[in-house]
Amino acid sequence: MKSINCFIPYANAEQAKSTLTALKANKLVNKIFLLATGDAKDAPEGYEVIKIKTLTATSTMKSIAEHADADFVLLFTKYVTLKFGPYAIDRFVKLACDSQSGMLYADHYNVSDDKVEKAPVIDYQQGSLRDDFDFGSVLFFCAECFKKAAAAMKADYEFAGLYDIRLKLSQFAALTHINEYLYSDVELDTRKSGEKLFDYVDPKNRGRQIEMEQAVTEHLKEVGGYLAPKFTKIEFNKGNFDYEATVIIPVRNRIRVIRDAIKSVLNQKTDFKFNLMVVDNFSTDGTRDAIDEFKDDPRLIHIIADYYDMGVGGYWNLAANHEKAGKFIIQLDSDDVYADENTLSTMVNAFYEQNCAMVVGTYMMTDINLHMIAPGIIDHKEWTPENGRNNALRINGLGAPRAFYTPVLREVKVPNTSYGEDYALGLNISRNYQIGRVYKPVYLVRRWDDNSDADVDIVKMNTNNTYKDRIRTWELQARIAMNNK
């Protein structure tokens, strides 16, 4: 019979009581260890207490490896009650033996406010490098694999230890998703999906982000996907452009906000020629009429693009290859506006100053009335010219507004999707070219109920995350191949 060591976060006896009682009754459980940041004087008898700094620290992972003396390690990562389904632990053991995986994780149920909801997770793949990849709260390890991964850990992290050991483990063993609902726990973060998007750029999380970047950079070096800070230089002399810059606004049914977006472009003050292409996709709510209110301005080009087989990326390609496209193409979503009349000049100047094929600006979050809301200014200062393109494989986006040198954009092309197309494009461009940054707020991003990512259900969110992980997988594979040459 295989045996399990369980490692359970411990805050107090009441918090852990139900979880410990259920685990102790299972015949497969050999020992239960309590992971405590405090003195744990109230810990019940019969359990060994391991004093830890944080649950995610490198020292915690190494302590678990030192204490593990069973076939498997079960690590619970929440300070709440854990409840397994009937014979669920047996199922973990059987599939661990059958698959010979280094780690298994499963679909589960989230309990919150007297509701029980399904919480399916997604398959792990080579590009699943996000530190916020959702495994659920139960991680089931082959003990030998856990020990091997812990022994390979080089840095001493406070926040990135759990992330680091997962990356180390993935280098030699499979991380297997069990598509079965095996347990339930309490969901602690009940915010809408749109409210969680920007946690990784919150200044209070900066120390954590630095550690995560260090861990993923080390991983990329070990798997051959790291790119040294050497970039292809751009002369900015390709093509024959009548306009220095073109703003592209893809739009569908945004009657409430499209006029504001258009005005913020046409009010730009520059010392160069620019135009605006509004690419309209099947609008039926009066958006087209609103766009035509500006038809007397020769700078506005209204493109009707009613193609059922085109996503946002396809419309970008359509506009980028238009005969009146400018040397540089700058993004503006139909919900949003430029911060002031100098945004275009600021973005275009950055190309020449930083010799880059893509520029990413800084934006401020606002409500529908353009009043600042939390988290405020999103500057993506985690980006560095030397390591930004490596760290980009860990984070979920590069920021806004995004601008491109048109010849490179035409060469690389945008994936014909309506989610993640900008991220895929940025990763691809960064493979060879520098991406420039503007840290002055030049863009106002409206957060309102009609945003596409304001509140996404779990199925849609999983679809989105799977695609972005796939993008990372393709990019990582391409970088490994490039380095091998």
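**Exercise 1. Find which residues Gly-361 is in contact with, leaving aside its neighbours within four places in sequence.**

Solution. Helices (H or I, at least four residues) and strands (E, at least two) are DSSP runs, numbered from the N terminus. Finally, Gly-361 has a relative accessible area of 0%, so it is buried; buried means under 20% relative accessible area, exposed over 50%, partly exposed in between (1.4 Å probe, protein chains only).

A word on the model before going on. It is predicted: local features need pLDDT of at least 70, side-chain atom pairs count only at pLDDT 80 or more, and totals for chains, interfaces and linings use all residues. Residues are numbered from 1 along each chain as its sequence is written, and side-chain values use heavy atoms, leaving out hydrogens and water.

**Exercise 2. Work out what kind of peptide bond joins Ala-400 and Pro-401.**

Solution. Most residues other than glycine have a negative phi, and most peptide bonds are trans. Now check omega between Ala-400 and Pro-401: at about -5°, the bond is cis. Pro-401 sits in the loop between helix 12 (388-391) and strand 17 (402-405). Then try Ala-374 and Pro-375, also joined by a cis peptide bond, with omega of about 5°. Pro-375 is part of strand 16 (residues 372-378).

**Exercise 3. Decide whether Ala-40 is buried or exposed.**

Solution. First locate Ala-40, in the loop between strand 2 (29-36) and strand 3 (48-51). Its phi is positive, about 55°, although Ala-40 is not a glycine. With 13% relative accessibility, Ala-40 counts as buried. For Lys-413, phi is also positive, about 70°, but a relative accessible area of 45% makes Lys-413 partly exposed.

**Exercise 4. Describe how helix 5 packs against helix 7.**

Solution. Take the angle first: helix 5 (residues 161-170) and helix 7 (residues 206-223) pack at about 10°, with axes 10 Å apart. Here axes are lines fitted to C-alpha atoms, for helices over the stretch in contact, and angles run from 0 to 180 degrees between N-to-C directions. That makes the two helices roughly parallel (angles under 35 degrees; over 145 is roughly antiparallel, 65 to 115 roughly perpendicular, the rest oblique). Last, pick out the partners: they include Tyr-163 and Leu-167 of helix 5 and Met-212 and His-219 of helix 7.

Conventions. Contact = heavy atoms within 4.5 Å.
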